[in-house]
Amino acid sequence: MGEPGPFLALSNGDAEANNLLVRACGPADARLIDFEAAGFTHAMADAVCLYVPCPAWLSVGDPVASGLADEHRRALARGIPQAEDDRLFGRGPAAVCPSWALIRLQRVPVLDVRAQGDDSRLQLVATLEAATRTAAGCGSLPHLAGWVSRIATVLRSRRPDADQDLSDRTRFPPYRPRGG
């Protein structure tokens with residue numbers, strides 16, 4: 001992350017769904033907004049929201065199965081040809097997703113005092129577990145993925161409301177806004 005090499009890119013610093021305006025004519029006419037956190041960073045930092053829940057969402061879909069990950073990679077490769085290299089590209093999501101999850105861990109003291117059943121604790125577990133799946137799926141940074149997975153297990157054991165089966169897409173459909 002600290003040395004992104006060819007993946008250094010200008011980012012708005014907040015690649016959330018609410019910061020992309022899409023006109024009725026389609027995504028080709030989309031506009032990125034909200035640049036107060038803009039700066040140069042690893043290009044994959046903007047793709048975190050494809051793989052792991054961001055603050056407003058409880059769960060995300062599988063970007064690999066849906067083809068969204070490949071679509072993003074093709075678009076990225078138009079500006080950064082090195083994105084076509086599996087090894088170079090795979091290290092990106094494997095690093096940025098756990099990195100995002102670890103940043104979100106700063107919220108544990110705030111979440112611990114919330115009422116039983118508040119979705120924000122479950123959303124943090126979902127974020128950690130999605131980051132673990134992403135890193136494992138990329139076949140990169142297995143020790144980091146294992147460490148993040150162990151943190152999720154600890155959080156599940158600390159709070160019963162955070163120990164739920166998130167694979168049930170009926171109860172937890174992708175992109176369902178979190179309740180708390």
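The largest cavity is lined by Val 108, Leu 111, Asp 112, Arg 121, Leu 124, Val 125, Leu 155, Arg 158, Arg 159 and Ala 162. The term cavity refers, on a 1 Å grid over the protein atoms alone, to a set of points where a 1.4 Å probe fits but cannot get out, and lining residues have an atom within 4 Å of a point. The model is predicted, so that local features need pLDDT of at least 70 and side-chain atom pairs count only at pLDDT 80 or more, whereas totals for chains, interfaces and linings use all residues. Residues are numbered from 1 along each chain as its sequence is written, and side-chain values use heavy atoms, with hydrogens and water left out.

The structure holds one cavity of 30 Å³ or more. The space in the largest cavity amounts to about 70 Å³, a volume being the space filled by probe spheres set on the grid points, which are joined across faces, edges and corners. At least two residues of this lining are supplied by each of α5 (108–112), α6 and α7. Helices (H or I, at least four residues) and strands (E, at least two) are DSSP runs, numbered from the N terminus. By residue class, the lining of the largest cavity divides into six nonpolar, no polar and four charged residues. In this division Ala, Val, Leu, Ile, Met, Phe, Trp, Tyr, Cys and Pro count as nonpolar, Asp, Glu, Lys and Arg as charged, and the others, Gly among them, as polar.

The second largest pocket contains about 430 Å³ of space. Of the 19 residues that line this pocket, Tyr 51, Asp 62, Val 64, Thr 134 and Gly 137 are the closest to its centre. A pocket, in contrast to a cavity, is an open set of points with protein on both sides within 12 Å along at least five of seven lines. Two or more residues of the lining of the second largest pocket come from each of α2 (63–66), α3 (68–79), α4 (86–104) and α6 (119–138). Helix α6 gives the largest share of this lining, five residues. The lining of the second largest pocket consists of nine nonpolar, four polar and six charged residues.

The packing of the helices was examined next. Two packed helices are described by the angle between their axes and the distance between the axes. Axes are lines fitted to C-alpha atoms, for helices over the stretch in contact, and angles run from 0 to 180 degrees between N-to-C directions. The axes of α4 and α6 cross at roughly 165° and come within 8 Å. Helix α4 is therefore roughly antiparallel to α6. Angles under 35 degrees count as roughly parallel, over 145 as roughly antiparallel, 65 to 115 as roughly perpendicular and the rest as oblique. The crossing of α4 and α6 is left-handed, a term for a near helix turned anticlockwise from the far one by less than a right angle, with right-handed used if the turn is clockwise.

For α4 and α7, the axes come within 10 Å and cross at roughly 30°. This angle makes α4 roughly parallel to α7, and the crossing of the pair is left-handed. The axes of α6 and α7 come within 9 Å, with a crossing angle of roughly 155°. Helices α6 and α7 are therefore roughly antiparallel to each other, and α6 passes α7 in a left-handed crossing.

Two residues of α6 were considered individually. Thr 127 is placed in helix α6 and, at 0% relative accessibility, counts as buried. Buried means under 20% relative accessible area, exposed over 50%, and partly exposed in between (1.4 Å probe, protein chains only). Thr 127 and Cys 97 are 30 residues apart in sequence, and their C-alpha atoms are 8.6 Å apart in space. Ala 130 also lies in helix α6 and is buried, with a relative accessible area of 2%. From Ala 130 to Ser 149 the separation is 19 residues in sequence and 9.3 Å in space, C-alpha to C-alpha.

Several loop residues complete the description. Asn 12, in the loop between β1 (8–11) and β2 (20–22), is buried, with a relative accessible area of 1%. Asn 12 and Ala 37 are 25 residues apart in sequence and 6.0 Å apart in space, C-alpha to C-alpha. Most residues other than glycine have a negative phi. Asp 34, however, has a positive phi, near 70°. Asp 34 is located in the loop between β3 (30–32) and β4 (39–42) and is partly exposed, at 22% relative accessibility. Leu 141 likewise has a positive phi, of about 55°, although it is not a glycine. Leu 141 lies in the loop between α6 and α7 (142–158), and its relative accessibility of 24% counts as partly exposed.
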